[in-house]
Amino acid sequence: MHVFLQIVLLIVGFAMLVKGADWFVEGASEAASKLGIPQLVIGLTIVAMGTSAPEAAISISAAVKHSADIAVGNVVGSNILNILLILGITAVITPLAVKHSTVKYEIPFVIAISILLPIIGLFDGSVGRIDGIILWACFILYMIYLLKMAKAEPEAVREKKEMETELPRARFSNLKIVVLIAIGLVLIILGSNFTVDAATELARIMGVNERIIGLTIVAFGTSLPELVTCIVAGLKKKADIAIGNIVGSNIFNILFVLGTSALITNIPYQRGFLVDSIVAVASALLLWVLVLKKGVLGRIGGVIMLIGYAAFFVYLVMS
């Protein structure tokens with residue numbers, strides 16, 4: 001009965017996270033649209049941060065509750081799942097065109113910070129406050145880059161974006177935008193508490209390592225917003241948002257989520273995460289290689305990614 005209750009709480013937590021992220025993204029995206037921010041930048045920032053809000057809430061909450069394995073496992077697991085499973089599924093459904101700037105700058109940046117994480121983690125066996133400052137410094141540099149990219153957007157691209165609006169969309173009032181963002185954040189925070197507590201308790205009951213729980217169940221649950229966003233964006237032929245969402249989410253997960261968690265409390269980094277971090281780096285490298293020549297993530301690439309995730313999942317089960 002106790003196990004059933006924890007499963008129910010886990011599901012409720014995930015539902016609150018997904019709905020909260022949905023409302024947060026809707027409100028934030030509308031606010032960004034009113035300010036005339038480019039679609040790619042919206043994907044790399046507002047949508048990416050909104051869909052990563054569950055990861056942020058979960059990892060920060062887990063760090064505060066001294067469940068470090070869930071805090072790190074959730075971020076690393078989500079980053080692997082975002083690329084291999086979510087982009088894999090989306091690419092199989094519909095090929096995704098990738099912007100030149102994403103191939104040239106953003107994906108290599110994901111690879112670089114994915115390598116940085118295990119280096120700082122293994123240096124002294126933890127991700128501490130100094131590491132948190134380093135991650136936050138990188139995050140600020142990333143935001144400066146995005147602001148420059150937004151200002152440098154060619155006028156022709158802006159005009160094209162304006163012409164792409166198929167149907168007149170009812171604008172939200174400023175009050176509705178604020179309400180959506182506020183309620184979304186409240187649901188995300190409450191949902192994260194339910195999820196961390198239930199996942200930790202289930203791990204204790206079943207004798208499963210918290211690292212595995214963080215890398216699989218929690219990572220999948222917190223990545224549901226990315227999955228829905230990518231598939232919808234792909235089907236609507238808005239590849240900028242689909243790719244930008246994943247790339248931006250992975251950057252946000254490492255730099256902001258773990259950076260903030262490390263500033264709050266010292267997070268132990270166990271050696272078991274080295275293999276997981278290597279897989280995260282390999283996943284980003286695979287994405288880069290697949291889109292480097294043609295700038296398109298096609299169905300074959302999607303299948304390769306799904307096979308890669310299946311192999312990683314089998315490794316987790318067998319380990």
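Trainee: What should I know about the model itself?
Mentor: It is a predicted model, where local features need pLDDT of at least 70 and side-chain atom pairs count only at pLDDT 80 or more, while totals for chains, interfaces and linings use all residues. Residues are numbered from 1 along each chain, and side-chain values use heavy atoms, leaving out hydrogens and water.

Trainee: How many helices and strands are there in the protein chain?
Mentor: There are 13 helices and four strands; these are DSSP runs numbered from the N terminus, with helices (H or I) of at least four residues and strands (E) of at least two.

Trainee: Where does α5 bend?
Mentor: The bend is at Glu-106, by about 30 degrees, and Pro-108 follows within four residues. The angle is taken between axes fitted to the seven residues ending there and the seven starting there.

Trainee: And what comes just after α5?
Mentor: Gly-125, with a positive phi of about 75 degrees.

Trainee: Changing topic, what share of the residues is buried?
Mentor: Of the 319 residues in the protein chain, 53% are buried, meaning under 20% relative accessible area with a 1.4 Å probe, protein chains only.

Trainee: At what angle do α5 and α12 pack?
Mentor: The angle is about 170 degrees, and the axes are 10 Å apart. Therefore α5 is roughly antiparallel to α12, a term for angles over 145 degrees. Ile-111 of α5 and Trp-288 of α12 are among the residues making the contact.

Terms used: Axes are lines fitted to C-alpha atoms, for helices over the stretch in contact, and angles run from 0 to 180 degrees between N-to-C directions. Angles under 35 degrees count as roughly parallel, over 145 as roughly antiparallel, 65 to 115 as roughly perpendicular and the rest as oblique. Contact means heavy atoms within 4.5 Å. Buried means under 20% relative accessible area, exposed over 50%, partly exposed in between (1.4 Å probe, protein chains only).
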